Structure formats: structure tokens, C-alpha cells
Amino acid sequence: MPPRLSPANARRPAVVADAHDAGADAPPAGQGRRRTRTHPAAASLMTLVDPVVRAGAWAAGSDAPEKTEVRIGFIPLTDCASIVMAAALGLDRKHGIRITPAREASWAGVRDKLVNGELDAAHVLYGLVYGVQLGIGGPRKDMAVLMNLNRNGQAISLSTKLADKGVRDGASLRAYMTRETRQYTFAQTFPTGTHAMWLYYWLAAHGIDPMREARAITVPPPQMVANMRLGLMDGFCAGEPWHARAIADGIGFTAETTQGIWRDHPEKTLGTTAEFVQKYPNTARAMVAAVLEASRFIDASVSNRRRTAETIAAPSCVDTDMALILDRMLGRYANGLGRTWDDPDAMHFHRDGEANYPYLSDGMWFLTQHKRWGLLKEHPDYLAVARKVNRLDVYRQAAAAAQVPLPASDFRAARLMDGVVWDATRDPRAYADGFAIRV
């Protein structure tokens, strides 16, 4: 059943299921069902929230959302699912708001509509939010990351023309580029966004300087396949289902998944402006709580993922074959060259809240890459920026409302594909400056 979408004449559908009335799609007894029942009243939930947090959004003595109709933008990608399902499942109404998912054409359009207030919030690239915060990749405005929407699940595709020349992966691409000297063009979806950072990291890890040995262009995700078909680029990094679509259309193959670059990497966020959070703190909390519950629903079972894939495949949403969405949502991968595998690190939407927490270290990592590739000319105060943008206070309030556990720390470390360890508690300046290939 398709969700309700803008424009305004799109009809609101019947509720697919409430989280506490999910029937066979609910998690098995004793596992997730306990958290999907109707939650205690706000007064009871107050006892679950840290007193410092309580003094924030609930300082006025009411947790009622100040703005009950919210417009949340999204790009037609698989990882918009939790926002769409929050509306389709009626989880928004449970938290006192009505979400209207608004399909957008490009990340630049999402950025502009967030900045000028046409959108209340958006399914948005992590690095885009940080870029606006620092005035790179567009106008500067104070921004807010309210939660992480998903981990993993993006990819890098190369053209079948390269496959015909024997290219299969990053190493063979490097060897081919060394032999065949010409201009190589690779597309990403936004200059400061996640896909640009994954693409550049992957190329550099294989000894290819993305700034000197290749040309990077920006293409909206839904246009990637068409541009590859026209021969305008040699490869691209974007979200699903466009890599599966490239394989189905016979124009590309999957050279790498982004979880192969960084296992459990952060991806899209629920982003908004700092001004919105200041003006509507309870609404911000309600949005996050509703999306958290939708995230939990999606990850609870295979049948829930199937229902989600059916919903977002609609013409008003992602507008593609449901099977192309579902297979990679379930970790069933085929690279288009004969290899198939089941990937346990495919796209995660919840993982008991682990996939949703807006870790300070995740935001700091994007800043290090912005500095690495010359988008930032000077080192920022990495931790201070992350503390300002990532609204842990709002997330914690929403997690209490949705009964989602919190991690023990605001930081996490990771070893990426080149063996380099990212640990934000060390020296992010040295990390950003320590790569052999950088601007």
C-alpha cells in the first residue's frame, strides 16, 4: 500500500498496521513485541528520561507537539523507508503528529528546501547537513542531525564497458586506468555527501587519486542509470535500488558495497535546521520517536521488510520493481558478473537503536574527509561541531518515548577497508592529514 505523499492532493491511505497490531509481521514473542505495545503516558515516561534532558523539550510542562503537521522530504531511495513507513503505519499519529513524505528530485533541492523552510525535515545525506553547517556545498545555516536512518546498503557500480575490458574491482580498475590513459568520470550524488566520500575513499584505497586521476560529477540518484546508459560516466556511487537497476538493465555491475568500505557505516539522517528544533522541540522529538518505531518495524522480520519494499516501490515513492528493492534489503546480492552472496552487513534500519544513534564520532568522520579532499581549507573544531549538530538531547527524549535503548558511549571506532582505524577520541586532525592520497 503506497504511503501518503505530497503534493497536497495525494490521498492519505488507511493505516497498514499499528506497531502493536502488526499480526504475523510482528517480531516473535519474547523478542521485539514487548517494545511495540502502546507506551505509557508521557507522565510515566518522564521517569525514564535524564533530568537534564527533561528540562529541555518538556520545560513548559507539556510534551504535546507544537506543530502537528510536518513535511519530511525524501529522495527515491531504499533508505527513505523508515520515514515513509512511519506515515504509512500510522506511527506518526501515535506520537501526535501527521507526517507528509514529500518526494524530491535532488539533494540540492532537499538542501534548499530545508534552508528556506519549505521542508520541516528530510531524509538527507549525513555530509550534506555538515556541509551546510560549515557553509560548504551551499549556503551556511545552523543544522541538526536528529537521528541516523540506516547503516550500510550503498554501492559503487562500474559500467559494463569496463567489465568487457576485464575490470572487476578496484584493483583491476587501477590496472586498467594505468594502461589506458584517458579521462575517467565517476558520479556521486552531492559534493559533501556520503556517496562522494565513499567513492573517493574507495578509489584512493586502490591507489587512484579521485581529484587528479579522475573527474567527479554530481548526478541525482534516480538519474544515475540513465547517465550510465548514455555513456556519460564510467561508474557511480549512490544508494539502492539504482545499483540493482543498473544490473537489471545490463549497463553496470557492482564493484563494491559501501559496507565493504566501512562495515556499519553511517548513511542517511533525519535532518532539519537548528531553528526548527529550537522553535518546535516537542515536534522534533515526536518525529524521531515515530521514525524510530518505523525503523524497528522494518528490521523486525523478513515479512516486514517485504511489506516495506512493496510500499516504497510505488510510483509515488521509489517507482521501481519491488524485487529490486527487496533482494538487497534482505542482503541477497548479485554483482551482475555471476557472483552471488548473502551479506549479513546489508542495510540496517534499527538494530535495537544501534543503527539510529547519532554518534558524535560519525559526524566528526565526515568532517575529516571534507578536510582531506579540500572542501574545508582549515581544520574545524571537530568535536565542537559534532556536539552542536548532532542533537543527542532530542534523540534521547525520543528514544525514551519509543522505548529504544541507548548505547554506552557517544563515540565508536572502526577499521576501514585500507586498514586505517578511525577513532575520534584520538587526534582527528592527524587522521585527516595522515592519508597518502589527499588534497
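Begin by selecting helix α6 (residues 126–134) together with helix α18 (residues 382–389), which pack at an angle of about 110° with their axes 11 Å apart; helices here are DSSP runs of H or I with at least four residues, strands are runs of E with at least two, and both are numbered from the N terminus. Axes are lines fitted to C-alpha atoms, for helices over the stretch in contact, and angles run from 0 to 180 degrees between N-to-C directions. That angle makes α6 roughly perpendicular to α18, a term for 65 to 115 degrees, while under 35 counts as roughly parallel, over 145 as roughly antiparallel and the rest as oblique.

This is a predicted model, in which local features need pLDDT of at least 70 and side-chain atom pairs count only at pLDDT 80 or more, whereas totals for chains, interfaces and linings use all residues. Residues are numbered from 1 along each chain as its sequence is written, and side-chain values use heavy atoms, with hydrogens and water left out.

Now show the side chains between these two helices: Val129, Tyr130, Gln133 and Leu134 of α6 meet Val385, Ala386, Lys388 and Val389 of α18, where contact means heavy atoms within 4.5 Å. The residues of this contact divide into six nonpolar, one polar and one charged, with Ala, Val, Leu, Ile, Met, Phe, Trp, Tyr, Cys and Pro counted as nonpolar, Asp, Glu, Lys and Arg as charged, and the others, Gly among them, as polar.

Next, select the open sheet of five strands with the order β2-β1-β3-β10-β4 and mixed pairing, two strands being paired if DSSP finds at least two bridges between them. Its edge strands, β2 (98–103) and β4 (143–148), each pair on one side only, and the twist averages 30° from one strand to the next. Strand β1 (residues 69–74) pairs with β2 in the parallel sense over six bridges, and Arg71 has Thr100 as its bridge partner in β2.

Strand β5 (residues 154–159) pairs with strand β8 (residues 235–239) in the antiparallel sense over five bridges, and the bridge partner of Ala155 in β8 is Ala238.
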